[in-house]
Amino acid sequence: RNMMMNDMSVGDQAFIYHSNSRPPGIVGIGVVASAPYPDHFAWDPTSPYFDSGSSPSNPRWWMVDIQFKVEFSSLISLPQLKQDPHLSDMMVTQRGCRLSIQPVAKTHFRYIIETYAS
């Protein structure tokens, strides 16, 4: 939530990553299409994302809209990323770093596009 609230800007590119696939990996690119705004699902008691501590006047969770840009012809798997020495310091390749949203350095973003998605 903090990365969405503080670090994402309209126009930023993002990898679309499937974390629940086997193997997990990158399947495409999206673009941040909105400024961050409070996650209204946290206020809905019927939602699986309900948080009783969040409210419209004191939101705890934030979200952004993502616009689809491109789907890759094949999945770029997490094992591929982990085996590539150029990506050894990329957050997703690090042990214990499995956040649903992570920053990606511009150098890593370009390298992945040039090496795996072209």
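This is a predicted model: local features need pLDDT of at least 70, side-chain atom pairs count only at pLDDT 80 or more; totals for chains, interfaces and linings use all residues.
Let me begin with a definition: two strands are said to pair if DSSP finds at least two bridges between them.

Three strands form an open sheet in the order β1-β2-β5, and their pairing is antiparallel. The edges are taken by β1, residues 13-18, and β5, residues 66-77. Each of these has a single partner strand, so one side of each is left without a neighbour in the sheet. From one strand to the next, the twist averages 25 degrees. Between β1 and β2, the latter covering residues 25-32, there are six bridges, and the two strands run antiparallel. Within this part of the sheet, H18 is placed opposite G25 of β2. Helix α3 packs on the sheet, where it touches β1, β2 and β5. The direction of α3 makes about 60 degrees with that of β1.

Which residues make up the largest nonpolar core? There are twelve: F15, I26, I29, F72, I76, L78, L81, L87, M90, V92, F109 and I112. Two or more residues of this core come from each of β2, β5, α2 and α3. Apart from this core lies another one, of five residues, including M4, M8, V32 and V64. Returning to the twelve-residue core, let us consider I112. Setting aside residues up to four places away in sequence, I112 touches F15, I26, I76, L81, L87, M90 and A117.

Next, a residue of helix α3, namely H108. Is H108 buried or exposed? Its relative accessibility is 10%, and because buried means under 20%, H108 counts as buried. Beyond its neighbours within four places in sequence, H108 is in contact with H86, L87, D89 and M90.

Finally, let us look at a loop. Between α2, residues 78-83, and α3, residues 106-116, runs the loop in which Q94 is found. The relative accessibility of Q94 is 29%. As for S118, 24 residues apart from Q94 along the chain, the C-alpha atoms of the two are separated by 25 Å.

Note on methods. Residues are numbered from 1 along each chain as its sequence is written. Side-chain values use heavy atoms; hydrogens and water are left out. Helices (H or I, at least four residues) and strands (E, at least two) are DSSP runs, numbered from the N terminus. Buried means under 20% relative accessible area, exposed over 50%, partly exposed in between (1.4 Å probe, protein chains only). Contact means heavy atoms within 4.5 Å. Axes are lines fitted to C-alpha atoms, for helices over the stretch in contact, and angles run from 0 to 180 degrees between N-to-C directions. A nonpolar core is a set of buried Ala, Val, Leu, Ile, Met, Phe, Trp, Tyr and Cys residues joined through side-chain atoms within 4.5 Å.
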